[in-house]
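Hi everyone, thanks for making time. I'd like to walk you through a few pieces of one structure, so let me put it on the screen.

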Amino acid sequence: MSITEYEKAKRIGERAFRKDMLRGRYPYLPVLDDILEKADVVGEVSLGLVTIPLDRVIGTSTNSRTNAFAGNFMPIMDRETEFGAKWSMLCDAHLNEGIHDPIKVVEYMNYFYVTEGNKRVSVLKYFGADSVPAFVTRKIPRLTDSEDVKIYYEFMDFYKKTGVNFIWFSSEGSFARLINAVGVDINENEISVSSNASQTDSPDGSGTVTRTEIGKVWSDEKTLKLKAAYRRFEKSFKEQKGEKLMHITPGDAFLGVLELEGFDAVEEKSLEDMKKVIRDMWQEFLVMDERYQVEVSLAPPETKKSIISHILPQQYSASRPLKVAFIYDREPGLSDWLYAHELGRNHIKEVFGDRINALKITTAMTEEDAINAMEELIEKQGVEVIFTTTTRLIDASLKCAIKYKNVKILNCSLNTSHRYIRTYYARLYEVKFLSGIIAGMMTDTGKIGYVTDYPIQGNLANINAFALGAQMVRPECKVFLKWTTLKGNRERDSIYEELKQDGVDMISDQDMITPTRASRRFGLYKLTDGEPVNMAMPTYNWGVLYERLIDLIIHDSWDIADSETEGKPINYWWGLSSGVVDLILSNKIPAQALRLVESLKGLMMRNRFAVFVGGITSQDGTLRNKPGEEILIDDIIMMDWLIDNVVGEIPSKDELRERARTIVEIKGVKQEDDENTGAR
């Protein structure tokens with residue numbers, strides 16, 4: 001049993017390790033010794049044996065064990081090691097009798113770093129434990145004007161009054177507000193002032209001072225009620241992706257609810273009640289959060305030249321070309337996706353001529369292959385710009401971008417947040433919407449097929465936009481969704497047979513064809529007794545995007561063109577108005593349909609028509625936006641639901657083939673239950 005649990009925990013750790021690398025974060029446990037090297041600590045105090053929240057245990061005290069764990073405390077060493085054996089033994093002990101021995105930790109700024117018991121923490125976190133007993137030594141930082149330090153000093157006073165350490169806030173004054181919101185017990189038997197005193201170095205560094213413990217303001221019963229209510233709220237908040245709000249904590253949101261509804265009302269709320277409260281207050285939480293993490297560029301930035309570029313311009317010529325490289329994970333001719341990018345590479349060669357040298361690598365099948373290829377391109381050939389053309393290569397791209405900060409590395413993916421790398425993608429959902437309109441107007445049965453590959457960010461918007469377009473012209477029509485990346489020996493012919501049996505007569509299929517695989521099954525086509533009849537084909541014009549980005553570099557305006565987004569991760573997500581996507585229309589489309597589509601396309605290109613507007617309902621009956629409201633661009637990117645006229649489901653990662661799982665682990669829209677919680 002423990003062997004199985006260890007392997008599951010290790011997989012969770014490996015996923016966390018990869019995600020941290022993707023986001024440019026340190027992938028192992030934080031080490032307190034490293035943190036304290038830069039800190040001004042003026043004293044320490046022993047808090048004795050305390051029950052501490054496991055979600056505040058974030059690191060280890062020394063470097064000795066940090067590389068054995070991912071940043072989420074899950075193991076990453078092989079099971080056959082001594083470490084793996086000991087972890088498994090602790091797992092058995094926990095399952096048979098529970099782990100009761102206290103660990104030892106150092107607390108700094110209300111985070112805990114383990115000095116003894118790292119594996120116990122790992123096992124308990126894996127099984128979703130709430131807290132752990134620990135002998136705690138607190139390190140006290142010098143009081144400064146830093147907001148974080150001032151909040152921490154407020155916390156220390158709050159802790160003396162309440163003994164509560166499971167809640168945290170991001171702004172000053174919040175701990176006092178919490179006491180006011182919960183109320184102070186006035187029963188003298190519940191407010192006892194301790195006569196015991198503890199000694200510690202003074203915060204101002206003047207020497208040792210004696211602190212008298214302040215009396216508790218809450219009874220044990222009230223503290224337990226507060227903890228139970230907060231845990232229900234915190235669980236609901238996380239389930240509704242509250243942790244994606246970057247600038248507020250669950251404590252901030254909980255305090256807002258307390259101050260709005262009162263402690264007595266909140267304390268009585270069930271888990272389902274908490275979920276409703278969070279949904280109702282979501283807009284308030286967004287206001288508190290203030291901003292999104294990724295800056296999405298929806299149109300090409302204006303080319304701007306800096307003063308320095310006027311004085312010392314960069315001149316690229318045949319003797320000194322800009323060296324650009326494209327990284328593919330296989331031959332472009334074998335993939336319609338990569339073939340479209342190869343057409344883009346050829347486009348910029350024609351546009352810029354001998355001012356650029358556009359190289360390509362077609363052997364980056366693994367992360368190691370890609371890293372080796374990029375290192376050789378940079379170090380031996382002097383490449384200055386690299387485009388990695390699939391999401392699968394994002395880890396390699398990020399690692400090289402961190403190592404070679406003067407090289408511009410861009411990955412073709414959506415919604416990646418990191419300052420070292422920029423990403424780009426095509427906003428295809430606009431032309432998918434138009435394609436859906438054509439399908440809705442031309443279907444005889446009211447049943448339309450949609451064949452696609454990966455359940456990742458951006459692709460759900462394509463599916464929903466197509467279904468919305470079909471629904472707009474034929475409200476009763478259904479879109480039958482099929483995935484080509486599911487496990488099993490499912491060939492496309494079997495998918496087509498299923499769609500035929502469903503009564504489908506129009507199909508939206510892969511967007512392009514490749515020279516090596518001639519077929520009529522691409523774009524939008526109508527089924528007939530003979531060959532399919534192609535009606536429309538969404539196209540990627542990657543060359544337009546590459547041309548605009550390289551033009552920024554050649555004119556030395558790469559940094560200042562996006563000056564309004566300075567300091568934010570940038571994701572280029574360009575659509576019809578930029579020419580990066582288009583829709584090729586057949587002359588077999590009826591004139592009325594052609595006129596409607598061309599009119600809407602023109603409005604879209606002038607930014608006068610938006611796709612996701614109006615009362616849109618998902619399969620579960622949830623109204624995703626009110627009539628007249630437009631869904632925000634960030635919510636379009638992160639769509640993890642299907643519109644109500646789609647017949648089909650979003651597959652989980654485990655339902656997919658191995659090659660597809662790699663991409664879904666990075667950019668999948670469906671969260672896996674075991675990624676964060678471990679076994680139950």
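I'll talk about a helix pair, then a sheet with a helix across it, and then one more helix.

Before we start, please keep in mind that this is a predicted model.

Let's begin with helix H1, residues 2-22, and helix H3, residues 82-96: their axes come within 9 Å and cross at roughly 115 degrees. The crossing of H1 past H3 is right-handed. Which residues make the contact? On the H1 side we have Ser2, Glu5, Tyr6 and Ala9, and H3 brings Phe83, Gly84, Trp87, Ser88, Cys91 and Asp92. By type, that contact of H1 with H3 has five nonpolar, three polar and two charged residues.

Now on to the sheet. This one is open and has seven strands, and reading across you get E20-E18-E17-E16-E14-E15-E23, with mixed pairing. At the edges sit E20 (581-585) and E23 (646-647), each pairing on one side only. Zooming in, strand E14 (residues 447-452) and strand E16 (residues 506-508) run parallel and are joined by three bridges. For Ile448, the bridge partner in E16 is Met506. Lying across E14, E15, E16, E17 and E23 is helix H17, residues 459-473, which runs at about 165 degrees to E14.

Last stop: helix H10, residues 271-280. Its buried residues are Met274, Lys275, Val277 and Ile278. Why do they fall on the same side of H10? Because they cover an arc of only 160 degrees around the axis. Turn to the other side of H10 and you find Glu272, Arg279 and Asp280 exposed.

That's my tour, and I'm happy to take questions!

Technical notes:
Residues are numbered from 1 along each chain as its sequence is written. This is a predicted model: local features need pLDDT of at least 70, side-chain atom pairs count only at pLDDT 80 or more; totals for chains, interfaces and linings use all residues. Side-chain values use heavy atoms; hydrogens and water are left out. Axes are lines fitted to C-alpha atoms, for helices over the stretch in contact, and angles run from 0 to 180 degrees between N-to-C directions. Helices (H or I, at least four residues) and strands (E, at least two) are DSSP runs, numbered from the N terminus. A crossing is left-handed if the near helix is turned anticlockwise from the far one by less than a right angle, and right-handed if clockwise. Contact means heavy atoms within 4.5 Å. Ala, Val, Leu, Ile, Met, Phe, Trp, Tyr, Cys and Pro count as nonpolar, Asp, Glu, Lys and Arg as charged, and the others, Gly among them, as polar. Two strands pair if DSSP finds at least two bridges between them. Buried means under 20% relative accessible area, exposed over 50%, partly exposed in between (1.4 Å probe, protein chains only). The arc is that of the directions from the helix axis to the C-beta atoms.
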